[in-house]
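Thanks for coming, everyone. Please bring up the sequence and the model on your screens, and we will walk through them together.

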Amino acid sequence: MFVQLRDRGAAAVEFALVLPVLLLLTLGIFAFGHAFHIQTVLDNAARDAVRIFALEDEGDPAAQARERAIASASPSIALTAGQIAVGPAGCPQGQNALVTITVTDFQLLGGVGNITLTGSGSMRCNG
């Protein structure tokens, strides 16, 4: 098993060719995994908020629902009340309440492009 002089360094060259592809693949997995996590957080926050909006009778249910959505998503993403749509107004009995949370400026790792993530929840008004 003799190593010929012309074969020396071949492994290093092959590794140098494959390394950028492996790094790109790994970073892509992390970026889309994080985006999937944020999507799940938005869906859960919308479900929590719609439950408050559909069942609450006192005060301002829409404001309470927005507060609940912000609190539910707080460790993972900072929401504002403007990103949360609540309706229909007054939540008439027999109709469905809907809460939609939209994040339009979510950036993947390293700020590569903006994507829009939307979470929504629906529940019959007054249970």
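Strands β2 and β3, where β3 covers residues 114-124, pair in the antiparallel sense over 10 bridges. Two strands count as paired if DSSP finds at least two bridges between them. Strands here are DSSP runs of E with at least two residues, helices are runs of H or I with at least four, and both are numbered from the N terminus.

Some ground rules. This is a predicted model, where local features need pLDDT of at least 70, side-chain atom pairs count only at pLDDT 80 or more, and totals for chains, interfaces and linings use all residues. Residues are numbered from 1 along each chain as its sequence is written, and side-chain values use heavy atoms, with hydrogens and water left out.

Back to the hairpin. Q107 stands opposite N114 in β3. The hairpin of β2 and β3 has 6 residues between the strands, and G110 there takes a positive phi near 75 degrees.

On to β1. It pairs with β2, also antiparallel, over 4 bridges. Find A85: its bridge partner in β2 is T100.

Now the loop between β1 and β2. P88 lies in it. A cis peptide bond joins G87 and P88, with omega about -5 degrees. C91 lies in this loop too. Its phi is near 50 degrees, a positive value in a residue other than glycine. Keep the background in mind: most residues other than glycine have a negative phi, and most peptide bonds are trans.

Is C91 buried or exposed? C91 is buried, because its relative accessible area is 6%. The cut-offs are under 20% for buried, over 50% for exposed and partly exposed in between, with a 1.4 Å probe and protein chains only.

Next, the core. The largest nonpolar core has 28 residues, and L42, I77, V99 and I101 have the most contacts inside it. A nonpolar core is a set of buried Ala, Val, Leu, Ile, Met, Phe, Trp, Tyr and Cys residues joined through side-chain atoms within 4.5 Å. Which elements give two or more residues to this core? They are α1 (10-55), α2 (61-73), β1 (84-87) and β2 (96-107). α1 gives the most, with 11 residues.

Look at I101. Leaving aside neighbours within four places in sequence, its contacts include L42, A45, A69 and L117. Contact means heavy atoms within 4.5 Å.

Now helix α1 itself. At 1.5 Å a residue, its 46 residues should span 68 Å, and the end C-alpha atoms are 68 Å apart, which agrees. The expected span is 1.5 Å times one less than the number of residues. α1 bends by about 30 degrees at V18, and a proline, P20, follows within four residues. That bend is the angle between axes fitted to the seven residues ending there and the seven starting there.

A45 is buried, with a relative accessible area of 0%. A45 and I70 are 25 residues apart in sequence, yet 7.4 Å apart in space, C-alpha to C-alpha.

D48 is buried, at 17%. Its side chain makes a polar contact of 3.3 Å with that of R51, and one of 3.0 Å with that of S72. A polar contact is a pair of N or O atoms within 3.5 Å; within protein, one must be able to donate a hydrogen and the other to accept it, and residues adjacent in sequence count only if both atoms are side-chain atoms.
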